[in-house]
Amino acid sequence: MDRSSHVALAAAGAFAACVTIPLLARPGPTWTGGARLTPLTRSPSVDVMVPAYLEASTIGPKVASLRAEFERYDGAARVVVLASDDLTAAAAARAGADQVVVRPREGKAVALNTGVAGSVADVVVFTDANCEIGPAGWLDLAVDKLRESHLVTATKTESGGSERAFWLYERVLAGRSSDGETLAVAGEFLATRRADYVPLSATAILDDFELAAHYVARGRRVTKATAILTSEPAAAPADQWERRVRMAEGVLTEATPRLRHLARWPVGRHYIAHKYVRMTLGPVAFWSGVLAAAARGRGVGAAVLAATAYLVLGYRGAVPVAGPLRPVAAVVGMQAVPPAALGRMARNSWRRDHSAALWKKVPR
């Protein structure tokens, strides 16, 4: 074999390792009782906070589903909508939200900080306007899990879309976490004692990761309640691309400075192997393999580059992709996300643009 073939095979092996290592790694228990768990009453008071921007069509059903859940719960529970536009605020009020807080759009982190600052509940739950939470009785499940944890997240899924293989991979990884401990929390569902909450930085992109990292750093236990499921419809390809690039930007800008601290904790090392490697070494290996394959010959190179570009554009929704190729397009397209995030970071730095937390949002 020539040199380019060797490089392509090595790159393929490295990419496979980036996918396999998280499946083999099992984080050990992190929490050793360093931070006391404040006892909860049998049915503590709960505020469910829903940060919402341009969610006028989804906030009504969300409020209704939360109220149906409250009927099953013995304690006091309220729906608090943190709205950043008038249409969403009006829809939430019509739907019967207990409290609607209206403030300018300053990012999700600021909305959560505002909601907790105005709460007197024992427990606060954060959830998104467009996600469904199950099964019935999930609020009791969350409270029970909080009796042994400081921060509780749920198992996240998406319905439809081309990323089914990705979500299957995520579910397998979630099942391998030691005793449910994790740093890979889902912002679609987080539950905590109000007294344990740490205000987030106003510019946080990955508000869920920042909150979890703060908890672990203070000796608090972060776990996943595998029985609680959140589901949201898959976004349109262009919107999903925007969301993925934003998340990659958050990992690169907010996890990178914490790598040394993350490496101290078993769940931190697992997060590095799972999330961080996937955003860094995985794409490097993938694109090294593509370039090496493209270097094998003029005809082969043109075909490889054309096929790769087609799949990336298909993932972004710029060109149509046949059904059987959509999962392949998702895998290839997701490898283009981190380079796109790096490009956006460089562009924002050059322009001195500090509005990364305020991503483009499509009205729903």
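1. A residue is called buried here when its relative accessible area is under 20%, exposed when that area is over 50%, and partly exposed in between, with a 1.4 Å probe and protein chains only. By that criterion Asp-128 is buried, because its relative accessibility is 16%. The model is a predicted one, in which local features need pLDDT of at least 70 and side-chain atom pairs count only at pLDDT 80 or more, while totals for chains, interfaces and linings use all residues. Residues are numbered from 1 along each chain as its sequence is written, and side-chain values use heavy atoms, with hydrogens and water left out.

2. Asp-128 belongs to the loop between β4 (123-127) and β5 (132-134), where helices (H or I, at least four residues) and strands (E, at least two) are DSSP runs numbered from the N terminus. Leaving aside neighbours within four places in sequence, Asp-128 has contacts (heavy atoms within 4.5 Å) with Val-50, Lys-62, Lys-108, Gly-187 and Glu-188.

3. Two backbone details deserve a check by eye. The peptide bond from Gly-134 to Pro-135 is cis, with omega near -5°, and Pro-135 is placed in the loop between β5 and α5 (138-146).

4. Helix α1 (residues 3-24) packs with helix α11 (residues 281-294) at an angle of about 155°, their axes being 8 Å apart; axes are lines fitted to C-alpha atoms, for helices over the stretch in contact, and angles run from 0 to 180 degrees between N-to-C directions. The pair is therefore roughly antiparallel, given that angles over 145 degrees count as roughly antiparallel, those under 35 as roughly parallel, 65 to 115 as roughly perpendicular and the rest as oblique. The crossing is left-handed, meaning that the near helix is turned anticlockwise from the far one by less than a right angle, whereas clockwise would be right-handed.

5. On the α1 side, the residues that meet α11 include Val-7, Phe-15 and Cys-18, and their counterparts in α11 include Leu-281, Phe-286 and Ala-293. By class, this contact has 11 nonpolar, four polar and no charged residues, where Ala, Val, Leu, Ile, Met, Phe, Trp, Tyr, Cys and Pro count as nonpolar, Asp, Glu, Lys and Arg as charged, and the others, Gly among them, as polar.

6. The axes of α8 (residues 237-255) and α10 (residues 266-279) come within 9 Å and cross at roughly 120°, so these two helices are oblique to each other. Their crossing is left-handed. Ala-248, Val-251, Leu-252 and Ala-255 in α8 meet Tyr-271, Tyr-276 and Met-279 in α10, a contact with seven nonpolar, no polar and no charged residues.

7. Tyr-276 is also touched by Leu-259, which contacts Ile-272 as well, not counting residues up to four places away in sequence. Leu-259 is found in helix α9 (residues 259-262) and is partly exposed, with a relative accessible area of 25%.

8. As for cysteines, the structure holds zero disulfides, a disulfide being a pair of cysteine sulfur atoms within 2.5 Å. Cys-18 counts as buried at 13% relative accessibility, and Cys-131 is buried with a relative accessible area of 4%.
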